Structure formats: C-alpha cells, structure tokens
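Welcome! Take a look at the sequence and the model first, and then read on.

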Amino acid sequence: MDVVLPEEVRERVREARRVVAFSGAGVSKESGLDTFRGAGGLWEQMRPEEMATPQAFRADPAKVWQWYAWRWKTGSGAQPNPAHRALVRLEAVFPSFTLVTQNVDGLHARAGSRNLLELHGTILRAHCNRCGRSRDMGEAIAESPEEPPVCSCGGRFRPSVVWFGETLPEEVLFRASQEASSCEVFLSVGTSSTVYPAAGLIELAHQAGACLIEVNPEPTPFSGRMDLRLAAPAGEAVPALVDAMERCR
Ligand code: APR
C-alpha cells in the first residue's frame with residue numbers, strides 16, 4: 001500500500017513538533033487478538049457487564065479470573081505486527097511523540113514503544129483489590145488458574161485493567177489530555193472512538209486545531225472531522241503512512 005499525503009496534511013506533518021498517536025483494539029487485530037465491537041468482537045460473545053465490571057468480579061470471581069487468564073494467554077502468544085512496529089518509528093521522526101493506547105495487551109511496549117501511556121491499564125499485571133499490592137499476572141495465573149489468588153491481606157488479586165464504571169489512572173489521563181491538547185498532528189488507529197473518556201482525546205486534539213488522521217477500515221463518529229482517513233487495516237496502512245510522514249520531514 002502506498003500513501004500519498006494531501007498537500008495540506010504534508011505541510012502540517014512537515015512542520016509538526018508535537019505528535020500524538022491514539023490506538024485501540026484494531027491495531028492488535030492482525031496479531032490475532034479480537035476487538036471488542038463489530039463482527040466477531042468480544043462484546044458480541046458476551047455482555048461487558050458480565051465480565052469487565054467490579055460487580056461481575058464480586059458476583060463470580062472465578063469466571064472473570066478465568067476469562068482474563070484466557071486473554072492473558074492469547075496475548076502472550078501474540079506478536080507485535082507491522083502497525084505496532086511502525087508506530088515505534090514515529091518516536092524518531094518528531095521531537096515530541098506520545099503513544100496513548102486503550103489496549104491492555106502490552107504489544108506496543110513489546111514492539112519497543114517508549115513514550116507510551118496505557119489509559120486502560122495492563123493485563124500483564126494483577127493487584128490486590130484490598131491493599132493494592134501488585135504482582136505479575138502470569139505468576140498469579142500459574143499459582144491459581146481457576147480462582148483469583150488470595151492476598152496475604154485477605155483481599156483477592158484482579159487484573160490491573162480499568163473496568164467499566166472505574167476511573168482511569170488519573171496521572172495517565174492527565175498527561176494524555178495535555179498531549180492531545182497541545183499536539184499539531186493526532187493519529188487515531190484501530191479504535192471505534194466510542195468509549196469515554198478515552199475518545200474525548202480526539203475531541204481535545206480537534207479543539208486544539210491539530211491535523212487529524214484516522215486509520216480504520218470502518219467509519220467512526222469522528223471520521224467526518226478527519227483531515228485524512230485511511231480505510232484500511234492498520235498492518236498495511238500505518239507502515240505506509242509512516243513512510244509518507246518520514247519522506248516529508
Ligand atoms: N486495523 C485497524 N482497525 C481495525 C482493524 C484493523 N486490522 N480491524 C478492526 N478495526 C477497527 C474496527 O473497525 C473498530 O472500529 O478497530 C476498532 C475496534 O473498536 P473496539 O472493538 O470498540 O475497540 P476499542 O476502540 O479499542 O475499544 C475501546 O472499550 O471495551 C472497552 O476497554 C475496552 O479499551 C477498550 C475500549
């Protein structure tokens with residue numbers, strides 16, 4: 001795939017100093033991980049309330065634990081794809097580049113992204129729901145695959161992801177909002193842009209007058225506001241887009 005940037009976008013990319021990329025589950029689709037919404041999405045197979053809420057964990061900790069153990073296992077078996085790797089390259093192209101992800105799979109970090117903000121936490125860690133003690137998720141699953149392990153304080157370990165109805169890590173959201181509000185180019189990749197407050201970052205970048213670019217085979221609620229839209233899989237479109245961005249610097 002070859003990407004030719006429209007003149008105005010090329011100008012904005014050439015002059016940009018501060019750039020933000022914002023990613024969702026679609027960026028890991030070509031690594032074999034399901035998205036949440038759309039055909040074959042995880043939330044097509046079950047209701048999020050049944051699995052990704054504190055109430056669901058209280059009601060049936062074993063079921064929720066086993067589901068996240070399955071997701072941890074599939075994630076561990078997956079590899080970063082060309083989209084993850086291309087986003088790493090952007091760190092060298094712009095003086096300030098920040099990658100904000102909704103993904104908990106750890107593939108951006110495994111691809112080598114350094115300036116990474118994980119808005120929804122990570123499935124690679126678990127923490128006690130009483131004292132907060134943190135530990136490696138893989139070890140916790142190995143110790144107790146069927147039930148969430150009990151902490152020495154009497155609490156239970158749960159995956160360190162943000163569940164529906166929970167607040168995002170304050171410091172991470174604050175930094176992501178600052179970056180979105182002060183960037184000149186904002187790239188949105190593989191997200192349905194429907195879950196808040198994360199999707200609000202696109203709004204902030206738009207209000208700040210940033211040049212908006214979207215990579216998603218399907219339209220999103222923000223598609224109409226984009227300066228450039230690539231309706232293609234991230235694994236193809238992001239490397240080609242990064243090539244085009246490098247060319248015009
Ligand atoms: N490349 C790029 N985008 C893709 C690809 C692909 N290969 N395949 C699918 N997509 C797009 C879909 O069209 C969809 O718009 O990825 C998007 C995935 O959307 P969601 O499943 O809603 O995932 P996301 O936006 O990350 O969800 C946000 O919701 O369930 C919660 O906490 C969870 O972080 C998640 C949040």
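In which helix does glutamate 91 lie? Glutamate 91 belongs to helix α6. Please keep in mind that this is a predicted model.

**Glutamate 91 and serine 113**

- Glutamate 91 has a relative accessibility of 15%, so it counts as buried, the cut-off being under 20%.
- Leaving out residues up to four places away in sequence, glutamate 91 touches Phe97, Gly112, Ser113, Arg114 and Asn115.

**The nonpolar cores**

- The largest nonpolar core is made of 35 residues, and those with the most contacts inside it are Leu5, Leu90, Leu187, Ile213, Val215, Val238 and Leu241.
- Two or more residues of this core come from each of α1 (7-15), β1 (18-23), α6 (82-93), β2 (96-101), β7 (185-189), β8 (211-215), β9 (228-230) and α11 (234-247).
- Among these elements, α11 gives the most to the core, with 8 residues.
- Leucine 90 is in contact with Phe97, Leu187, Val242 and Met245, setting aside its neighbours within four places in sequence.
- There is also a second, separate core of 23 residues, which includes Ala140, Cys151, Val161 and Trp163.

**Around the ligand**

- The ligand is surrounded by 21 residues, and the closest are Phe36, Arg37, Thr191, Ser192 and Asn216.
- The shell of residues around the ligand consists of 8 nonpolar, 9 polar and 4 charged residues.
- Phenylalanine 36 places a backbone N or O atom 2.7 Å from an oxygen atom of the ligand.
- Serine 192 uses its side chain instead: a polar atom there lies 2.6 Å from an oxygen atom of the ligand.
- At alanine 234, a polar backbone atom is 2.8 Å from a nitrogen atom of the ligand.
- On its own the ligand has 740 Å² of accessible area, and the protein covers 91% of that.

**Serine 223, in a loop**

- You can find serine 223 in the loop between β8 and β9.
- Is serine 223 buried or exposed? Serine 223 is buried, because its relative accessible area is 14%, and buried means under 20%.
- The side chain of serine 223 reaches the backbone nitrogen of threonine 220 at 2.7 Å.
- Apart from residues up to four places away in sequence, serine 223 touches Glu214 and Arg229.

**Helix α10**

- Helix α10 covers residues 200-207, and its buried residues are Gly200, Leu201, Ile202 and Ala205.
- These buried residues of α10 pack against β1, β2, α9 (170-182), β7 and β8.
- After α10 comes glycine 209, which has a positive phi near 80°.

Methods:
Residues are numbered from 1 along each chain as its sequence is written. This is a predicted model: local features need pLDDT of at least 70, side-chain atom pairs count only at pLDDT 80 or more; totals for chains, interfaces and linings use all residues. Side-chain values use heavy atoms; hydrogens and water are left out. A nonpolar core is a set of buried Ala, Val, Leu, Ile, Met, Phe, Trp, Tyr and Cys residues joined through side-chain atoms within 4.5 Å. Buried means under 20% relative accessible area, exposed over 50%, partly exposed in between (1.4 Å probe, protein chains only). Helices (H or I, at least four residues) and strands (E, at least two) are DSSP runs, numbered from the N terminus. Contact means heavy atoms within 4.5 Å. A residue is near a molecule or strand if one of its heavy atoms lies within 4 Å of it. A polar contact is a pair of N or O atoms within 3.5 Å; within protein, one must be able to donate a hydrogen and the other to accept it, and residues adjacent in sequence count only if both atoms are side-chain atoms. Accessible areas come from the Shrake-Rupley method with a 1.4 Å probe; for residues, only the protein chains shown count as cover. Ala, Val, Leu, Ile, Met, Phe, Trp, Tyr, Cys and Pro count as nonpolar, Asp, Glu, Lys and Arg as charged, and the others, Gly among them, as polar.
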